[in-house]
Amino acid sequence: MLYRVMGVLGLSVLAGCTSLSLFYKEGTPVQRLNADLGACKQKGFETIPVDQDTRFIPGSETPRTFCDANGYCQTVWVQITPDRIETYDANEGLREDFVEACMAQRGYQPVRLPACNDAVVRETTLSPTRVLPPLSAQSCAIRLKTGQYQIVTPPD
């Protein structure tokens, strides 16, 4: 079964999760998908520009107790991480929603495919996906060394 993904996830493979999240429309050439996604992102930046904002993130402290040779102990607070100020784009979420809606208008839906298991990878002739294939509950993705991906639907 296909899993719907919240937000815009584009063609990135999620590091550590080893799944592939992308916008999907069966039969679409990946080159066309990339062009459509690029156009939606550009329109998103034109419609909802970057709004840089800052936030204060307090550092963390922890109590430490130090004792001398006479058994006198004193507890002091020791800073673990410093305070910091972070800059972020306050409109990023709105823009992601805009891009998702734009891609939906073009007939795409966000999907997440799990990584193929080792047996499937060994049995597959590796080649980047050029056209988005039909998907099934068994569909999975292989991340290639080039950064591209291959969508595989193993036989039942």
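Author: In this predicted model, helices are DSSP runs of at least four residues, numbered from the N terminus.

Reader: About how many helical turns separate Arg 32 and Asp 36 in helix 1?

Author: The side chains of Arg 32 and Asp 36 meet in a salt bridge, with 2.7 Å from N to O. Both residues belong to helix 1, and because they are four residues apart there, the separation between them is about one helical turn.

Reader: Is Asp 36 buried or exposed?

Author: A residue counts as buried when its relative accessible area is under 20%. Arg 32, at 44%, is partly exposed, whereas the relative accessible area of Asp 36 is 6%, so Asp 36 is buried.

Reader: Which residues are linked with Asp 36 in a network of salt bridges?

Author: Asp 36 also meets the side chain of Arg 106 in a salt bridge of 3.0 Å, N to O. Arg 106 lies in the loop between helix 2 (92-105) and strand 6 (109-113) while Asp 36 lies in helix 1, so this pair ties together parts that are 70 residues apart in sequence. With the salt bridge between Arg 32 and Asp 36, the residues linked to Asp 36 in the network are Arg 32 and Arg 106.

Reader: What is the relative accessibility of Arg 95, and is this residue buried or exposed?

Author: The side chain of Arg 95 meets that of Asp 89 in a salt bridge, 2.0 Å from N to O, and Asp 89 is buried, with a relative accessible area of 16%. The cut-off for buried is under 20%, so Arg 95 counts as buried, its relative accessibility being 6%.

Notes:
Residues numbered from 1 in each chain as written. Predicted model: local features only at pLDDT ≥ 70, side-chain atom pairs only at ≥ 80, totals over all residues. Heavy atoms only, no water. Salt bridge = Lys/Arg side-chain N within 4 Å of Asp/Glu carboxyl O. Helix = DSSP H or I, 4+ residues; strand = E, 2+ residues; numbered from the N terminus. Buried < 20%, exposed > 50% of the residue type's maximum accessible area, 1.4 Å probe, protein only.
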